[in-house]
Amino acid sequence: MTSSIIQPGDHRAYMRLALSLAQKSPPKPTNYRVGAVVVHVPSNTILATGYTLELEGNTHAEQCCFMKLAQQHGVAEEKLTEVLPKDLALYTTVEPCSKRLSGNLPCVERVLRLAGCIKTVFVGILEPEKFVQENTGRTSLKDAGIEVVHVEGMEKEILEVATAGHVKE
């Protein structure tokens with residue numbers, strides 16, 4: 001779907017879209033409500049969207065995007081680099097996780113599998129250390145040549161959505 005509403009390079013608008021997706025995720029005390037959008041940068045086309053727990057299982061937003069792309073292209077998620085265009089950007093309200101307590105593959109590892117396609121990951125907030133101490137994801141992405149860009153100015157809004165359902169201390 002071509003994004004005629006969002007101008008190319010309008011990172012805050014894409015982050016707002018991701019935040020609107022995060023609001024669809026059910027509030028729970030054990031995870032963040034996150035939204036994600038995969039964009040083909042040269043054509044300004046949205047290839048996939050996702051949010052926490054959108055698909056069956058304990059799914060994260062980025063994972064939902066990649067699962068949908070795999071289904072659209074009729075390939076396993078591990079084979080997405082063979083069918084996706086280059087110059088993709090991933091917008092996610094919370095920095096991709098580097099560890100999953102559920103046993104699922106961490107989102108950073110899923111992004112790293114797409115290093116040939118995803119050039120930039122735009123994040124609304126950095127991973128809070130509530131669930132994952134010393135998140136090494138950002139370093140792993142940068143080491144693989146994927147730029148990580150913090151889209152500033154929406155942190156308060158994103159945290160309110162992300163932590164809905166959490167026990168406030």
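**View 1. Buried cysteine C117 in the predicted model.** C117 counts as buried because its relative accessibility is 0%. This model is a predicted one. The closest cysteine sulfur to that of C117 belongs to C65 and lies 14 Å away, too far for a bond.

**View 2. Surroundings of C97.** The structure holds 0 disulfides. C97 is accordingly in no disulfide, and the nearest cysteine sulfur, that of C107, is 3.8 Å away; a disulfide would require the two sulfur atoms to be within 2.5 Å. With a relative accessibility of 6%, C97 counts as buried.

**View 3. Helix α2 and its cover.** Helix α2 comprises 13 residues (residues 61-73), which at 1.5 Å a residue should span 18 Å; the 19 Å between its end C-alpha atoms agrees with this. Its buried residues are A61, E62, Q63, C64, C65, F66, K68, L69 and A70. Among the elements covering these buried residues are the strands β1 (35-40), β2 (45-51), β3 (88-94) and β4 (118-125), together with α3 (107-113). Just after α2, G74 adopts a positive phi of about 65°.

**View 4. F66 and I118 in the largest nonpolar core.** This core has 45 residues, of which F66 and I118 touch the most other members. Two or more residues each are given to the core by α1 (11-22), β1, β2, α2, β3, α3, β4 and α5 (155-162). The most comes from α1, with 6 residues.

**View 5. Contacts of F66.** Neighbours within four places in sequence being left aside, F66 is in contact with V38, E77, L80, L90, R110, V111, L114 and I118.

Definitions and conventions. Residues numbered from 1 in each chain as written. Predicted model: local features only at pLDDT ≥ 70, side-chain atom pairs only at ≥ 80, totals over all residues. Heavy atoms only, no water. Helix = DSSP H or I, 4+ residues; strand = E, 2+ residues; numbered from the N terminus. Expected span 1.5 Å × (residues − 1). Buried < 20%, exposed > 50% of the residue type's maximum accessible area, 1.4 Å probe, protein only. Contact = heavy atoms within 4.5 Å. Core = buried A, V, L, I, M, F, W, Y, C linked by side-chain atoms within 4.5 Å.
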